[in-house]
Amino acid sequence: MPEAKVSIPIGPGKEIEISTGKLAKLANGSCLVRQGDTIILSAACSGEAKPGQDFFPLQVDYREKYSAAGRFPGGFIKREGRPSDKEILICRMADRPVRPLFPEGFFDEVQISGLLLSADGENEGDVLSILGASASLCLSDLPFQGPVGALRVGCVDGRFIANPTYAEMKQSTLELIYAGLPDKVIMIEGDCKELPEATLVAAMEFANEIVKKQVEAQLELMKAAGRPKKTPELHLVPEEIRSGILSICGEKLEAACLVPGKEDRLKALDELKAAAVEGLKEQFVPVLGEEGFTMVLNQGFDKLVEVTIRKAILEKGFRPDGRGVEDLRPLTAEVGVLPVVHGSGLFTRGETQALVVTTLGGPQDAQESDSIYNTDETRKFYLHYNFPNYSVGEVGRISGPGRREIGHGNLAERSLAQVIPADFPYTIRCLSEIMASNGSTSMASVCGGTLSLMDAGVPIKAPVVGISCGLVTDDSGKELILTDIIGAEDHYGDMDFKVCGTPAGITGFQLDLKLPGVSIDLLARALEQNKRARAKILDVIAACLPAPRAQLSPNAPQITKIMINPDKIGALIGTGGKNIKEITESTGAQVNIEDDGSVTILARNMAVLEEVKRRVEACTSEAEIGKIYRGLVKTVRDFGAFVEILPGQDGLLHISEMANYRVREVGDICKEGDYVTVKVIDIDRTGKIRLSRKAALEDLEKEESKKQ
């Protein structure tokens with residue numbers, strides 16, 4: 001592979017460089033993508049389809065090595081392990097734009113590896129990884145029908161920025177990850193701060209102009225260094241199999257596809273497929289073998305179901321469950337469904353159901369960053385999504401969260417994060433447990449999350465809801481956008497466009513396509529259709545719980561923040577952490593101390609909270625003239641006693657100030673270890689404290705006489 005390089009200007013002082021022919025020369029195709037001093041290696045390799053395989057096994061991987069940022073991995077094991085959540089999300093982002101651009105029936109194994117080689121701390125590697133996946137496939141001999149362009153779009157002070165730096169993104173009201181062909185969108189995802197639909201459309205149009213430059217540059221690189229494309233082996237269903245299935249199932253297929261209930265529909269289709277197997281196996285098993293016959297029959301039957309459902313929707317306006325194009329499934333919303341948790345919400349849309357639980361905690365419960373960069377950033381709000389086997393009525397392997405769970409949870413999390421007040425002192429965890437699934441469980445998680453947060457008393461700015469729109473098209477150019485797609489419409493349709501938002505605007509979005517791109521105009525229409533559906537869902541949420549509860553759940557821990565003199569932090573912590581450890585262990589509270597003197601206290605109830613506050617203030621308070629204290633006698637001398645009135649602060653109680661009569665010996669009044677009530681009568685310029693028991697008793701007697 002000869003060396004070649006192209007440069008792509010993407011904005012003032014910004015350019016992307018794609019080069020090939022230097023590294024990973026044994027891969028089918030490879031390249032380096034660079035912006036600033038951030039460099040990504042992308043390599044594409046392929047293998048033959050396995051016998052009996054009836055799907056396209058594309059695997060996209062992305063890894064960030066600590067060495068790229070000049071750091072060592074943390075912990076005992078000094079090498080990178082399983083991929084972080086961030087790496088998994090980037091894998092998904094790079095997968096979705098390239099997957100639709102392989103020919104139907106291509107089942108060869110394809111693996112795309114992205115590796116962060118250098119990280120400058122300013123330019124993110126995720127969109128460079130998408131661009132690298134496209135370029136490495138274009139340079140290979142694989143039948144990839146690209147190239148695609150990809151970039152991040154930010155919006156600062158109303159101005160769009162291509163591939164903004166980390167500093168620019170902190171000021172941005174929008175994060176749009178965009179991938180597409182010239183004038184066609186293939187994938188978008190991101191979040192924004194309640195922006196109108198028109199702003200998102202304008203951002204896509206801005207991105208499209210840069211994608212055109214990226215595509216042109218990749219075509220130029222292909223001419224200079226690309227390998228000749230090989231003719232792929234396509235595993236298509238033989239016509240005689242397709243005709244045979246149609247002859248057996250044809251008259252009954254549409255009726256089975258349009259059975260309203262998911263279970264009943266799947267049962268009807270399984271019965272038809274079994275009839276097709278029985279009717280055709282004698283003819284085709286001797287020719288194709290048992291495994292080959294099963295593969296092509298399953299493939300052929302699934303294709304006929306797809307054609308039947310799409311035709312019924314486009315030509316007759318029939319949806320599998322009998323709804324109209326913009327109709328929502330029946331909606332229900334409940335709160336307070338679990339007795340002990342801090343907040344809970346149950347949202348049901350048709351056969352899709354999400355139970356979301358909110359838990360409130362303190363600063364120590366925040367999620368630490370898993371970035372390779374030196375950063376102390378933590379997340380005070382996070383959402384975890386679980387998709388158990390019973391949600392689809394199946395059995396299967398039970399393991400930890402996979403890529404799908406992490407991706408769906410991230411979309412719901414970033415959509416809800418836009419309405420969490422920045423000054424809310426609690427760490428918040430939402431847990432979405434999918435109870436039943438028939439389409440758009442991530443959007444049900446957003447709606448359930450809103451209910452759960454409000455039930456817990458989190459003062460969110462506004463309720464967030466989400467819904468998905470689908471698409472069905474044909475070769476004549478006819479297209480129909482569907483609101484609230486069910487599983488069958490997602491599987492056999494062309495699009496899954498999820499949008500979340502408040503009454504004021506959009507907070508999160510994600511587009512998946514099976515087509516090689518759609519127009520921005522079509523997405524603009526889908527956004528408006530989605531907005532109308534969200535308004536109906538907002539009405540259901542408002543009817544259930546119109547606003548966050550005025551008080552936090554009584555089951556939630558109590559939290560407060562107090563300020564102390566930063567010079568007193570050491571006194572609070574104590575020698576070797578003695579003081580703070582004693583406070584936390586004896587009360588069970590969390591105490592978090594910041595360098596500016598802010599102390600956050602999290603306790604299980606108000607009584608414990610007040611006790612911890614008293615002890616923190618005792619450790620950090622300074623003696624005040626005229627104030628009465630209950631102090632511990634530390635040392636006794638002939639002339640008086642030294643009394644500790646605050647942790648680490650002693651004062652002298654002279655024998656002459658012990659009583660309103662002449663005291664002959666100090667021991668007549670107090671001994672070491674006794675507690676005495678004293679009043680501060682003087683603090684000299686060196687900080688020495690003079691105490692008086694006599695004055696304290698006189699003041700207390702006066703207070704008592706006033707009460708009488």
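Helices and strands here are DSSP runs, numbered from the N terminus. The model is predicted.

**Figure 1. Leucine 116 in strand E6.**
Strand E6 spans residues 109-118 and holds leucine 116. The residue has a relative accessible area of 3%, so leucine 116 counts as buried. Which residues beyond its sequence neighbours does leucine 116 contact? Leaving aside those within four places, the contacts are Thr38, Ile39, Ile40, Tyr62, Arg63, Glu64, Lys65, Ala68 and Ile372. Cysteine 192 is elsewhere: its C-alpha is 27 Å from that of leucine 116, and the two residues are 76 apart in sequence.

**Figure 2. The largest nonpolar core and leucine 174.**
This core has 87 residues. Ile18, Leu174, Leu176, Tyr178 and Met204 touch the most other members. Helix H4, residues 197-225, gives the most to the core, with 11 residues. A closer look at leucine 174 shows contacts with Val153, Gly154, Cys155, Phe160 and Met169, among others. Its partners also include Asp191, Cys192, Leu195, Leu200, Ala203 and Phe509. Residues up to four places away in sequence are not counted.

Ile628, Leu697 and Leu700 make a nonpolar surface patch of about 210 Å². Leucine 700 sits in helix H14, residues 693-707. Its relative accessible area is 41%, so leucine 700 is partly exposed.

**Figure 3. The cis peptide bond at proline 147.**
Most residues other than glycine have a negative phi, and most peptide bonds are trans. Glycine 146 and proline 147 are joined by a cis bond, with omega about 10 degrees. Proline 147 lies in the loop that runs between helix H2 (126-139) and strand E7 (149-156).

**Figure 4. Two aspartates with positive phi.**
Aspartate 157 is not a glycine, yet its phi is positive, about 55 degrees. It lies in the loop between E7 and strand E8 (159-162). Aspartate 484 also has a positive phi, near 60 degrees. Its loop runs between strand E19 (479-483) and helix H9 (487-492). Is each aspartate buried or exposed? Aspartate 157 is exposed, because its relative accessible area of 77% passes the cut-off of over 50%. Aspartate 484 is buried, because its value of 0% falls under 20%.

**Figure 5. Threonine 620 in helix H13.**
Helix H13 covers residues 606-620 and includes threonine 620. Threonine 620 is buried, with a relative accessible area of 9%. A polar atom of the threonine 620 side chain lies 2.8 Å from the backbone oxygen of valine 616. Leaving out residues up to four places away in sequence, threonine 620 touches Ile564, Lys568 and Leu572.

**Figure 6. The salt bridge between glutamate 189 and arginine 414.**
Side chains of opposite charge can pair when their charged atoms come close. The structure holds 43 salt bridges. In one of them, glutamate 189 pairs with arginine 414, and the closest N and O atoms are 3.6 Å apart. The pair links distant parts of the chain, 225 residues apart. Glutamate 189 is in strand E10, residues 184-195, and arginine 414 is in helix H7, residues 403-417. Are these two residues buried or exposed? Both glutamate 189 and arginine 414 are buried.

Arginine 525 forms a salt bridge with aspartate 521; the closest N and O atoms are 3.5 Å apart. The two residues are four apart in helix H10 (residues 520-544), so about one helical turn separates arginine 525 from aspartate 521. Arginine 525 is partly exposed, at 37% relative accessible area. In helix H13, glutamate 611 and arginine 614 are three residues apart, which also means a separation of about one helical turn. Their side chains meet in a salt bridge of 3.1 Å, N to O. Glutamate 611 is partly exposed, with a relative accessible area of 29%. Arginine 614 is partly exposed too, at 47%. Elsewhere, salt bridges that share partners join Arg96, Asp126, Arg152, Glu175, Glu189, Asp191, Arg414 and Asp512 into one network.

How values were computed
Residues are numbered from 1 along each chain as its sequence is written. This is a predicted model: local features need pLDDT of at least 70, side-chain atom pairs count only at pLDDT 80 or more; totals for chains, interfaces and linings use all residues. Side-chain values use heavy atoms; hydrogens and water are left out. Buried means under 20% relative accessible area, exposed over 50%, partly exposed in between (1.4 Å probe, protein chains only). Contact means heavy atoms within 4.5 Å. A nonpolar core is a set of buried Ala, Val, Leu, Ile, Met, Phe, Trp, Tyr and Cys residues joined through side-chain atoms within 4.5 Å. Patches are made of residues with over 30% relative accessible area and no salt bridge: like charges are joined within 9 Å, nonpolar side chains (Val, Leu, Ile, Met, Phe, Trp, Tyr) within 5 Å. Accessible areas come from the Shrake-Rupley method with a 1.4 Å probe; for residues, only the protein chains shown count as cover. A salt bridge is a side-chain nitrogen of Lys or Arg within 4 Å of a carboxyl oxygen of Asp or Glu. A polar contact is a pair of N or O atoms within 3.5 Å; within protein, one must be able to donate a hydrogen and the other to accept it, and residues adjacent in sequence count only if both atoms are side-chain atoms.
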